[in-house]
Amino acid sequence: MAWIAQLLFPRRRRNRRELAARAMEVVARVLFDVGVDRFRKGSLLVDAEFRVRFVSGDVPGPVLAAVQVASLAQARALPLELDRSPLGAALLKRRVALVVQEWLGCVLAQSAELRALPARRQPVLLRKAAASK
């Protein structure tokens, strides 16, 4: 039944802003779960369905783009000890944003499909106006 719904109801196309937001969630979760040292040894990738994933081993199957975290200068600048204070959390969030920004530039350079994504989602009214012209 689910495959019928997939055929009849087209999925909303992703955009770069959503991709970056999901990457920030993934990076923050991985840092919390496994720590900075193991994070640096893994790879962040975008699979064929535009999902952001972290893998600690070999890159699996077909992917649109994959970047080793150790190759990112901002990831190397992350402190080994994550501060749990509110001030430290704000600083960590800013650093994660810098890591994701650098990662996004790398994956966009690797994949034409990712470069074709719009920067952000257009409101429905703007899409209808553009289609009527």
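The model is predicted, with local features requiring pLDDT of at least 70, side-chain atom pairs counting only at pLDDT 80 or more, and totals for chains, interfaces and linings using all residues. Residues are numbered from 1 along each chain as its sequence is written, and side-chain values use heavy atoms, leaving out hydrogens and water.

Select F39 and F54 to begin. A search of the whole structure finds 1 aromatic pair (Phe, Tyr or Trp rings, the six-membered one for Trp, with centres within 6.5 Å). F39 and F54 form this pair, at 5.8 Å centre to centre and 25 degrees between the planes; it is stacked, the term for planes under 30 degrees apart, with over 60 being edge-to-face and the rest tilted. Because F39 belongs to helix α3 (residues 36-40) and F54 to strand β2 (residues 52-55), the pair ties together parts 15 residues apart in sequence. Helices (H or I, at least four residues) and strands (E, at least two) are DSSP runs, numbered from the N terminus. F39 is buried, at 0% relative accessible area, whereas F54 is partly exposed, at 21%; buried means under 20%, exposed over 50%, and partly exposed in between, with a 1.4 Å probe and protein chains only.

Next, select strand β1 (residues 43-47), where 5 of 5 residues are buried. S43, L45 and D47 point one way, and L44 and V46 the other.

L45 has R53 as its bridge partner in β2. In the turn of this hairpin, F50 has a positive phi of about 65 degrees.

Finally, select strand β3 (residues 63-68), joined to β1 by 5 bridges and running antiparallel to β1. Here V67 is the bridge partner of L44.

Terms used:
Pairing = 2+ DSSP bridges.
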